[in-house]
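Me: I would like to learn how to read this model feature by feature. Could we walk through it together?

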Amino acid sequence: MIRRIWTPKTKIGLAALTCLAIQSQATAQDDAVTYSEDVAAIINENCVVCHREGGIGPMQLTNYDQVRPWAPLIQLKVANREMPPYAYDHGLGLQDLQGDWRLAQEDIDTVVAWVNQGSLPGDLDEMPPAPELRDLDDWNFSDQFGQPDLVLASNAIDVPANGNDLWDKHFIASGLDENRCIKAMQVKPRGDAKTVVHHANTYFSEVDDNGQVTRSPVTEYAMGKWGEIMPEGVCRTFHADMLIQWDIHLYPGGVGGAAPGTMIENNVVELGVWLHDENFDSEITQDLSTYQLDQGNLFIPPHGTALTQGFHSFDHPVRIDSFQPHGHLRMNAASLEIFYPETGRTEVISMISNWSATWHHSHLYEPDVAPLLPAGAVLVIKQWYDNTENNPNNPDPRQWVGWGQRTADEMSHAWIAVSHLDEETYQELLAERSQNEAAQTAADD
Amino acid sequence: MRRVSAIMASAVIVGLANVVLVASVGAQPVERPLRPSPPAGIPVIPFHEGWYDNDDGSVTLSFGYHNRNEHPVSVPMGEQNRIEPASLGGMQPEIYYPGRHHGVFAVIIPASRVEDTTVWWYLNTANQELKVPGERGSTAYELDRNPRPQGSVQPLIGFSEGGKMGSGPEGIIADRKLRVGVNEPVTLQVWTDDPSERDRSDPRFRKPLDTRVSWYKHQGPGEVTFAAHASIDLIDTQGFSVLGLIPTPQHAMWVSEGEGPARINATFSQPGDYLIRARLDNWRASDSDGLDQCCWSNAYLRVQVQ
């Protein structure tokens, strides 16, 4: 998320104060939280990207008249951290993330106070600057990297109004004639395809004479995902002269989309790839893989809950660059921990206790805090499932639920981007991090 | 610095990825102690796969199961293995093979009863009764018979060349019974045709795909022993399991290019009425993967053993 540049005066805790204190009229007037002075900037910078004409948000929030009727709902969603839709627990594990849409607590407090005080407009002639928004169909990383060097579009497919989920797995040419290192990638369903594409994965593929396919991931997309940025100094290779296989899971009728229950035609998904220069190379390689949590033994009883857990380790040092849990309608939480066998210590890296299948965020750790793991350290991944009536996404709590690719079934794995290190590089990165921390401490002092 | 190849890293990941734990809690009592599952004594889970709207207004419900034990579990039809309303039952299996088996049988709700009928399948194994409902309900469980994106459809299966064919989980049920003596081999035959139309320019589909027929005892009082027929070899399907979840059928054969007969010899240990299920899969097609709920068809052969 783009953090706002224009910072309004905030009034932390004002809601509580207004409930308790008797203030003079003049003081109350001075401290009043208003849309124009305090709230518009927060909404402009954090909400309007989706809540605008043609956006995926169900209502527009581009001016006071549009926002005011929704103020109580906005307050509820913001206070509960349901909006902006980036589920990731505060105060637990790594908090320095790229593409982090979460509101700062002071912004949440400001919105809450504004609604509690009556959602006052303020001086609507003195509004903060309108946000500079990308075109709805533009790429998420265009501000940073410009337009992609490579755009690979899937074949178009019609998705009917009703029926079973669809999996479209077809090949396209890669369009590259030499291997290149990837700078960033985004997968983007075009237009209404956003409402019917559950996931859209891409794979480097080879097909033998018997039609058998071998493949390795290019990148992964699931509903709501932002994209991937490779850390500095890392080469994730885009392989030339290989087929690219699209593996697109489509959901008839759409999920909460603009037109559920109707035929959605010509669905196309695009893969945008930003490449490093031809002469860029690095001895640190990165890959993206799925890490399984014993999906084959996932059984969620009717009206019941379940927990899956998986453990993974490496025989060489690694850096964990991103973490993206994957599940469907019953999954509601996930975590990543690291267990260090030499000390017996377990460290929480990420906790998502309000996970939703409609927003599959890949949590990109800032490179200077991304977990550096010695050989033998163990990733501990947990995912939780709720098949009760309390889960608002649950299509039928009376059903037994097990593993399956359908949206109605469940999955239990995580996509994790890992930079593979040798011992020398690992030690160098540790030393560099220590130096940076020491320098920061000195500067703070 | 030494570069660690992605391939090596992947191999390490695979090698270390097999230590996992699953725990579940629910209203239906399922004991899941914090130790590896025992090889036996675990209740079989009944699954409702989904529902199909039919042209005549009726609805087909597809059911399957998962047997987490290492050996088959037998449950005769009756109080311990029943469909309610009882008038719609009768096709549920009496033997449950290890692993996840989807679309094993179907229940058809007549058009006149679709709106107010919920079918419940009750299955009592390991002293626990588990149940699952099926109905024309949530669209998340809606299935269809339309071609998949790469052209796969439910293949056709019947009992003779040019004869009546069926498809899907309800498939086709033999009108007449084969009659055979106890321990007397009898040849079972189905005829198959896969009408799926695929893009021949796709490197996976340059040649028509073979389909697979696998054979299961479905109902009956005694043991059924299958053996290869002289005209068709059984195949080794090891390695085709998805996540170790979909069991490899013990008695299966390819049908070359998806069209032609499949035959197997069977002997029966006890007299009585038997139902044998032949399952026709085109699951090697990319859009017929395990548990995608397409594309397979069942044929049920009746055998009376005297």
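Me: What should I know about the model and its numbering?

Reply: This is a predicted model, in which local features need pLDDT of at least 70 and side-chain atom pairs count only at pLDDT 80 or more, while totals for chains, interfaces and linings use all residues. Residues are numbered from 1 along each chain as its sequence is written, and chains are lettered from A and ligands numbered from 1 in the order in which they are written.

Me: How many residues of α3(A) are buried?

Reply: A residue is buried if 20 or more other C-beta atoms lie within 10 Å of its own, exposed if 12 or fewer, and partly exposed in between. By that rule, 11 of the 12 residues of α3(A) are buried. They include A:Tyr35, A:Glu37, A:Asp38 and A:Asn46.

Me: What does helix α3 of chain A span between its end C-alpha atoms?

Reply: The expected span of a helix is 1.5 Å times one less than its number of residues. For α3 (residues 35-46) of chain A, a straight helix of 12 residues would span 16 Å, but the end C-alpha atoms are only 14 Å apart.

Me: Which residues have the most contacts inside the largest nonpolar core?

Reply: In soluble globular proteins, nonpolar side chains tend to be buried together. A nonpolar core here is a set of buried Ala, Val, Leu, Ile, Met, Phe, Trp, Tyr and Cys residues joined through C-beta atoms within 7 Å. The largest one has 145 residues, and B:Ile276 and B:Ala278 have the most contacts inside it. Leaving out residues up to four places away in sequence, B:Ile276 touches B:Leu188, B:Trp215 and B:Val303, among others. A second, separate core has 22 residues, including A:Ala41 and A:Cys47.

Me: In what order do the five strands of the open sheet in chain B run?

Reply: Strands of a sheet pair through backbone hydrogen bonds, either parallel or antiparallel. Two strands count as paired if DSSP finds at least two bridges between them. In chain B the order is β12-β11-β14-β18-β16, with antiparallel pairing. The edge strands, β12 (165-166) and β16 (224-228) of chain B, each pair on one side only. Within the sheet, β14 (residues 186-193) and β18 (residues 259-268) of chain B share eight bridges. B:Leu188 stands opposite B:Ile264 in β18(B). Chain B as a whole has one helix and 20 strands.

Me: How far apart are the domain centres in chain B?

Reply: Domain bounds come from an automatic or database domain assignment. Chain B is divided into domain 1 (45-142) and domain 2 (150-305), and their C-alpha centres are separated by 20 Å. In the contact, 16 residues of domain 1 of chain B meet 13 residues of domain 2 of chain B. On the domain 1 side, β7(B) gives the largest share, seven residues.

Me: And what is the distance between the C-alpha centres of the two domains of chain A?

Reply: Chain A is divided into domain 1 (14-116) and domain 2 (146-425), with C-alpha centres 30 Å apart. Their contact takes 13 residues from domain 1 of chain A and 20 residues from domain 2 of chain A.

Note on methods:
Contact = placed C-beta atoms within 7 Å. Helix = DSSP H or I, 4+ residues; strand = E, 2+ residues; numbered from the N terminus.
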